[in-house]
Structure formats: C-alpha cells, structure tokens
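Here are my notes on the model, as numbered points. Please read them with the structure open.

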Amino acid sequence: MKVSIIIPYRNEMSMLVDCIDSLREQSVGDFEAVIVCAKSSHDDIDEIKRMQTEFPLHVYSLPEDRDGVAAARNFGIEKAMGEFVLFLDCDDYLTLDAFEHFLGSSEGKDIVYAGRKYTWQGRKGYYNEKRKKLEERGLEEAVSDDDEDFDKDIFLREMPEKSDNDEDWENVFSPIINSNSMITGITSLGILFRRALIMEKGIRFDESYIYNSDLTFITKMMCDTKNVIRIRLTLYIKRHHQDPVNMPALCQIEDSLTRLHEVMRAYMEMKQILAPVGSELTENYLDGKFIKYYVRRIAPYYMRGEKKQIPGVYEQASKCLPLIKEPALKRCMRYSKRLIKYSMEHEASEIAKKVRSHARWQTFKRTFHNWERIKHYFYRKKYATAPIEQNLIMFESFFGRNYSDSPRYIFEYLNKNYPGKYSYVWVHAKGKKLDLPYPARQVKRGSVSYLKELGRARFFVMNVRQPKFFIKREGTTFLETWHGTPLKRLVFDQDEVVFASPLYKKNFWMQAKQWDYLIAPNKFSSDIFRHCFMYDGNMLDTGYPRNDILHLEAKESEALSSQIKAELGIPAGKKVILYAPTWRDDEKLAAGEYAFSMQLDLDRMRERLSDEYVIVLRMHYLIVDAIDFTKYQGFAYNGSVYDDIARLYLISDILITDYSSVFFDYANLRRPMLFFTYDLDKYAGELRGFYFDMKEEIPGPMLFTTDEVIDAIENIPAIEDKYKEKYDAFYEKFCGWETGESSKKVVEEMISASLETVISEK
C-alpha cells in the first residue's frame, strides 16, 4: 500500500461525498482511505461504512476521551498501513491526477509538497467552471454542464519540468512558509509524508491545540529530513464553507482569544524547532508571517477584545516580539515595522490607541476616495443617530423597480383606513419614478435622501432583503413581506450556493435577524421560512396582502379587469393567456449578457389561437427586451414592464408558467394553469431543487412543446375537469389563508397597533 489518506470527520456528510468521489476518480490507485470520526452520529458512521469504493475504506470512531482534528489525525497515523500518509480534510478534495503526480515524485523522498487552491465550490461547480474557462480559451470542445463524468482527458496534466532547486530543502520549505498569508496559512494539507519518518521520529500533531496543530507538525517534519521535493502543480482543493452559521469550517469558528494564544505559542515553538537548523531565510519568512498576524489580529485585540483578557494576550505577545529578527522587520511595510517596535516599548492600552488611530486614518482614506463609502459613513455616523420620526413608514418593492406586491397593498390599505395619520416614503430605482395613488415622498435607492429616510423611519416594509449596511435601530420595526411561496429551495435549505456570493447564507442570516415580522401566505411557507431563513421572529400567518385583489367581489373585479385591459391596449372581447416563466439562475453569461431563448413558439400560437386569445408575456425585464413585439402586434403584449403582476393575474383566463412561484398566487382565482416545463430534468437536478414533487402536486399538466401547450389551450374545459380534484387540494393547501383581508390583518395585527401605541405615549 503506497498511501494512506487520513480524513478527520465530524457530521459533514454532504461534503464528505465530494471528498470520497475525488478519490474514486483518481487516475492512479494504490491507496487506502482512513476516516476517523470524532463525536459523529451513528447514522453518519453507518452511512460512511456503506460507501462503495474500489479502494480500501476504513472507518474508525475516535475514543470518547479524545477530540479534535489533531487527535483524529494522530489516530489515523496509528491505523495507517501505507508507505506515505496524506492528510485530507473531509470538506476538501483532490484533483483527478493528484496521486499520479504525488507518487511519480516520491521515489527516495520523505516529503512531497504540492500546491493548494482555495474555492467556495464543490467538485461539480469547480470542474464545470474549469471547463468553461478552457472552452473560452479555445483549448477544449464544449462540455455539457450536466455531465457528471469529470473527463480525465481534460483535467489530467503533464508533469511540468522540474526546476533546479525543486529538491533543495530551503526552496521546498520556503513556499510553505513564505506564502502571501499570515502564519495561520501554514498547513500540512496537500503534502505527502513518509510514514516511517513520522514513526521513527515520534512526530505527532499536538492535541492540546484546537486550531493550529499544523504549525509545529509541519515544522518538525521539515526539520527532520532533507529528502524533500516540490511539485509545481496544484493538487489539493481547499474548500471554504458557504454555511458558516450551521457548519463552519475550523477556520470560520469565532474564537479569537484561543486562536491568539495558540498562534503565539506555536510561533515560539516553531522558532525553537528551527534554531538548530540554522536556516536564516526560512526563519525570516516565519517572522514575516508572524508580523502580519500580530498587526492584523493581536494588536487590534487590544482595541476590541474583552478587557479582562487583554493582559494575558499582552503578556504572551511580549514574549514573542523579541524573537522577531531585524531582517524580517526590514522587509515589512512601514506601519508594521513601527507598530512592532512601538509594541516592544509600550503597554497594551497605548498600543490600542495607536491601532485605533491608524484604523481611523485607513477608514478615512478608503472612505473619501469613494462616494458610496462617503454616503454610508454619513449614514452610520449621522443619519442613523438622528431622531426617529415616529409616524414615518418606508416602503420598498423589488429594490425600487416598481410599485407593486404586498408593500403596495399595505400602503393602500393604510391610506384608505387611516387617512392623514401617517407619512410615507417610497423607494424607487434609478430613472424610475413610481406612479403612486396617494401622497408619499419618493427617494432614489442609494441616494443621500434614501439614506436619510433609512436612518429616521419608524417602520420599514419591504419584500426583499434590506441593504447589508442597514442599521436596525432600537424602537424601529421591520416588516418583511417576502415575495412568494417557495417552490425552489432557499438559503439554508440549499446544499451549495452557485449563483450568489459565497457569503450569501451568512449575510442572509444576519439580515433576517433584523426582521421583526415576516408574512407567510400559507402553513407550507410558514414552516419552510422558519428553517430556510433560520427565522425565529414573529410570523404573520395572514396570507399575502398582494393577493387581496384576487378576492374582489365580481362587479368590482370585472370593472378593474376592463380598466387594466384598456391600459395594456387589449381588446375587450379577447381572452388572455399570461405566460410567466421563472428567471433561470444559470442563464446569465456576463454583465448584461443572457443566454435565454424563447422556447414558446409565438408564431405557432398566433396561427392557432389568435382568433380567441391574446398572450401577455411577463418575463425578466432583461430578457423580454430581446423580443420584437411589433411582429406580433395585436396578439402578444409586453407585461414585463407592468408594475403589478397581480393585476395581470386578474385579467388572464389561463396561466402558463413553469417553476415560478406565481402559480401559488394565481391559484386563488381557481382558473386553469398549464406548466411549460421543457427543461425540467436540468432545472430540478442542476439548480436548487424543489420543496415538493411537481408531478404529484401541481394542478395542471406538465407540457414540453409548443404544440402540447396549444392543444391544452384548445381543450381547456377537459383540462379543468381532469385536474379538478387536484386543484381543490392545491387550493386548500396553498390558498386557504387568503380571503381578501390579508392587508387588514397585517395592519391591525402589527403596524396599526404598534404605531398607535407610540403616538398615545406622546
């Protein structure tokens, strides 16, 4: 057995699957995997044992009296049978040719060092991105994103020619030490170690460390052999966790005090280990990495840390600073050099003042070269500290793009039932003034006026997330109406976020904690919102105010429908088909570039249906612009720029959609729905997945071609009859809370009561 791969594990099954798959795909075998489970569930351990692999897979449980990554790795070393060991974290993975290169360079060597790359993505996302880059460079033919087989012809690489110094000890050790990171970036990952050397020298990971046991281990290993080699390839993919709230990686756990003490202790031990070797270059690199850590972590702790803990940190730092040698200081930036020397001669409180002064200067420089930062600075320092206007309510719908959705109907209910009592401000997007039926100040999103109102409003009513810089002030109330019953998995129910910031989950969690109230349209949504948003605040089980319009009395509904049709120029005698597909996350190519193609054949539909029907297209505004509506004049209408989709529901006789949550709202009308799901397999498997089985629950047929859609429309009475029972069950489950009084319930339960209380106290 050539290699034993030692994998510590603790309840990270979704990531371990990627890790094990990367071993299955290796171009060269002759290895075993040793998984050491620390305080893991019995279900997880059993599932790992059931994994089918072509290589030996050994699963052990770490004894109860031992814990941590260091203990798991040491336990794995004892159980390993390979000539070499390689430490692989269960949330990481190897490139497909890793062992081909590791073993190809291992003859006569004790340590084989290869590079690492950091990513936020799992294997599929990582390799698909790599494929696309190759395709863009014209190096490979296009490969389908659905292809689960990571083609070795694409990703296996030739070993680069070795440099003359790739086997020089110092030139192998220096990349480990001299990377562009702090001392905490030193790791034992991505390195092949000869097990006989580990056993002979009795080198182990120090189990008294929680976070930084790698530092002394790698230093001892490198100082006990000169038989080393560097491979100039990246073979190890280090994966950051996208959910640091529920499943933080070790480096994402917030425990600054323990980390500070561990790093300083490790630094002193590493200096002792390196001293007999006499490598000034390597020692200077180590000093440089510690200087970075001191400047970025230790010194700022004197300013931000707990007062009772600062003396202990200062005492240990005072032992470390004299160990820094002059050549390392000479290589530092000016501020770092001055801070180190200042810290050797002053107390923690004085160091804190110097750090604070520098931080303020840096903030000033960053801020006053950027207009957005200037505005946000004044928001934090001035607007968010100004007196709150107790009767002011701020509304925003879809980032100010239109006057619509639940904020619209809450606003109208307040004006009709509490005239003159409250003042209002509406947010609009750049170049988009809103057509409001009642008086309200309008502010452009992101403007100075917007920030002023954001700072002084008493109430906030929004259907999307608030800005990340938003400060939730004491005495204010935030009502999040959200914007749909969830069909696709959201936030913390997603295994991996592909088309958003890697910090999407953490940011969302921080924002959701600022919500005082969240509206749910039905019990299904209420239950999902609790876990997908990790929301534990007040849930208003009222239904969506935006759907009140769908429950108007017949006469009022008919009159309003006629008015809306006239606004759009739709002939009064024509029936209306509304086509409202979802926005597909994967169809954005680059800024302003989209790959969406219209799958519904409008020419064919006009030919067969135009005598009786017209069609209104409600699509993403960047997509619909590509459609030439003049070609279909009198048959196809652009509803994408119309503010409120609920009014389009009202005028339509049939809805065509796919995976958009619009069908949950539309069901309030009990009118027929058709589901044009031409890319069902791709959408369900490649993107976020669904909360329920569409085939079982949706109250209409799933159609895959334009002709199938046309046939269904021409036989709509038969469709209605066929899906009646399913429609009734769907209506009961998703529309049962909505009776046309949701706006009233929201206002009376939350906004009205809260505002009246404030006003009565004046």
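1. How far apart should the ends of helix α11 be, at 1.5 Å a residue? The 25 residues of α11 (residues 280–304) should span 36 Å, and the end C-alpha atoms are 35 Å apart, which agrees. The expected span is 1.5 Å times one less than the number of residues. Helices here are DSSP runs of H or I with at least four residues, strands are runs of E with at least two, and both are numbered from the N terminus.

2. Some ground rules. This is a predicted model: local features need pLDDT of at least 70, side-chain atom pairs count only at pLDDT 80 or more, and totals for chains, interfaces and linings use all residues. Residues are numbered from 1 along each chain as its sequence is written, and side-chain values use heavy atoms, with hydrogens and water left out.

3. Back to α11. The helix bends by about 45 degrees at Y294. The bend is the angle between axes fitted to the seven residues ending at a residue and the seven starting there. Most of α11 is covered, with 18 of its 25 residues buried. Buried means under 20% relative accessible area, exposed over 50%, and partly exposed in between (1.4 Å probe, protein chains only).

4. Aromatic pairs. The whole structure holds 50 of them. Rings of Phe, Tyr and Trp (its six-membered ring) pair if their centres lie within 6.5 Å; planes under 30 degrees apart are stacked, over 60 edge-to-face, and the rest tilted. F87 and F193 have ring centres 5.9 Å apart and planes at 50 degrees, so this pair is tilted. F87 lies in strand β4 (residues 84–87) and F193 in strand β7 (residues 191–194), so the contact ties together parts 106 residues apart in sequence. F87 is buried at 0% relative accessible area. F193 is also buried, at 0%.

5. F524 belongs to helix α20 (residues 523–532) and F734 to helix α30 (residues 724–735), so parts 210 residues apart in sequence are tied together. F524 is buried at 15%, and F734 is buried at 1%. Elsewhere, ring pairs link W482, Y504, F508, W515, F529, F533 and Y535 into a cluster.

6. Salt bridges. The count is 43, where a side-chain nitrogen of Lys or Arg must lie within 4 Å of a carboxyl oxygen of Asp or Glu. D110 and R194 form one of them, at 3.2 Å from N to O. D110 sits in the loop between α4 (98–104) and β6 (111–119) and R194 in strand β7, so the bridge ties together parts 84 residues apart in sequence. D110 is buried at 13% relative accessibility. R194 is buried at 16%.

7. What does R265 contact? Its salt-bridge partner is E269, with the closest N and O atoms 3.3 Å apart. E269 is partly exposed at 25%, and R265 is partly exposed at 25%. The charged end of R265 also sits over the ring of Y209, 4.0 Å from its centre. That label needs NZ of Lys or CZ of Arg within 6 Å of the ring centre and within 35 degrees of the ring normal.

8. K733 also has two contacts to check. The side chain of K733 meets E697 in a salt bridge (3.1 Å, N to O). E697 lies in helix α27 (residues 694–697) and K733 in helix α30, so parts 36 residues apart in sequence are joined. The charged end of K733 sits over the ring of F692, 5.8 Å from its centre. E697 is partly exposed at 24%, as is K733 at 36%.

9. Strand β19 (residues 613–617). Is the strand buried or exposed? 5 of its 5 residues are buried, so β19 is largely enclosed by the rest of the structure. Y613, I615 and L617 cover one side, V614 and V616 the other. Strand β16 (residues 575–579) pairs with β19 in the parallel sense over 5 bridges; DSSP must find at least two bridges for strands to pair. V576 has V614 as its bridge partner. Strand β20 (residues 636–638) runs parallel to β19, joined by 3 bridges. There, V616 stands opposite Y637.
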